[in-house]
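Thanks for coming. I will take one residue and then step back to the chain around it. Please have a look at the model first.

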Amino acid sequence: MKRAFPASSRIGDQDPLFTSGVGSKTMLQAFFKAMAFVVLCAVSLPAAAIFQNGGFESGDFTGWTTGYGVNNGLAGSQPFTSASINLGSGGSFRGAVVSAGPDLVGAPITLPHVGSRTARVNNSDTGGYANFISQTDVITNADRDAGDQKLHVRFDYAVVLENPGHDPDEQPFFFIRVRDVTAGTTLYEDFSFAGQTGTQFQLLANTDYSYLNWKGADVVVPDTSVGHSIEVYLLASDCSPSAHLGYAYLDGFGSQVVTPPPSTGPAAPAPMLDEMALIGLGLLLLGAAVVSMRRA
């Protein structure tokens with residue numbers, strides 16, 4: 001026989017999570033529903049990042065500076081650095097934000113990489129042109145990874161370079177760099193020309209094209225750089241004699257690891273939610289459920 005509470009009794013007079021009966025069952029159901037909603041929120045939030053439109057989900061280069069020039073050949077001798085880049089006036093910007101593959105020359109690079117858009121810098125046309133994109137933004141404590149409490153700038157890039165066998169200073173090349181503009185220091189740099197030994201480039205079978213499949217960069221920024229302006233810069237160039245191509249892709253910016261979706265499934269924005277925010281959201285929703293049931 002069920003116990004009937006007197007009219008003056010309230011559910012709030014007892015702890016429903018530890019009392020047997022209908023009230024306890026209802027509260028547990030409310031709890032699990034609240035936690036399910038938390039999980040749903042966690043997987044539906046877009047990835048946060050230091051750079052505006054870092055996933056290029058706007059479908060264009062909003063937030064980014066684009067530029068171009070003519071490759072006059074790399075200056076100096078190997079190893080080449082940013083100081084070796086020698087651009088003249090002329091050319092045009094041929095980059096694009098792509099929403100589907102295949103790659104322009106058939107390299108096995110999944111497009112888009114993360115979310116529904118990926119940036120491409122330069123294209124498969126030739127002419128000796130170099131294209132670049134860059135963006136500068138301020139790094140804050142919001143860019144800390146909750147796992148190690150360090151400041152991170154993470155992103156992925158891929159590259160395609162044609163190898164005509166020119167001298168190294170005349171070859172197609174790419175260059176990417178992350179630097180602390182405020183401090184004047186370089187935090188990350190990668191520079192490769194077509195045919196360079198010791199790189200991770202692979203040869204596309206039966207062609208003169210080599211490609212670097214998606215490579216993840218994890219740049220740990222010193223704590224002393226909080227409030228500093230951080231710049232990311234990517235350049236891809238044809239050969240200086242002008243008849244052979246070079247282009248690159250960029251995607252997946254985030255202060256935490258941004259994982260691309262399975263290549264066989266639909267592309268979706270990568271989820272990212274700070275662990276403390278997740279816990280706080282769960283407690284908030286649980287508290288709201290308890291209050292609602294007590295009022296009922």
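**One arginine and its surroundings**

Arginine 94 is buried, at a relative accessible area of 11%; buried means under 20%, exposed over 50%, and partly exposed in between, with a 1.4 Å probe and protein chains only. Before going further: this is a predicted model, in which local features need pLDDT of at least 70, side-chain atom pairs count only at pLDDT 80 or more, and totals for chains, interfaces and linings use all residues. Residues are numbered from 1 along each chain as its sequence is written, and side-chain values use heavy atoms, with hydrogens and water left out.

Where is arginine 94 placed? It is in the loop between strand E2 (87-88) and strand E3 (96-98). Strands (E, at least two residues) and helices (H or I, at least four) are DSSP runs, numbered from the N terminus.

Now the neighbours. Setting aside residues within four places in sequence, arginine 94 is in contact (heavy atoms within 4.5 Å) with Arg120, Asn122, Asn123, Asp125, Thr126, Tyr129, Asn131 and Asp238. To aspartate 125, the side chain of arginine 94 reaches the backbone oxygen at 3.3 Å. Phenylalanine 132 lies 38 residues from arginine 94 along the chain, and their C-alpha atoms are separated by 9.6 Å.

On to the whole chain. It has 2 helices and 12 strands, in the order α-β-β-β-β-β-β-β-β-β-β-β-β-α along the sequence. Of the 296 residues, 42% are buried. Among contacts with a separation of 6 or more, 74% join residues 24 or more positions apart.

Terms used. A polar contact is a pair of N or O atoms within 3.5 Å; within protein, one must be able to donate a hydrogen and the other to accept it, and residues adjacent in sequence count only if both atoms are side-chain atoms.
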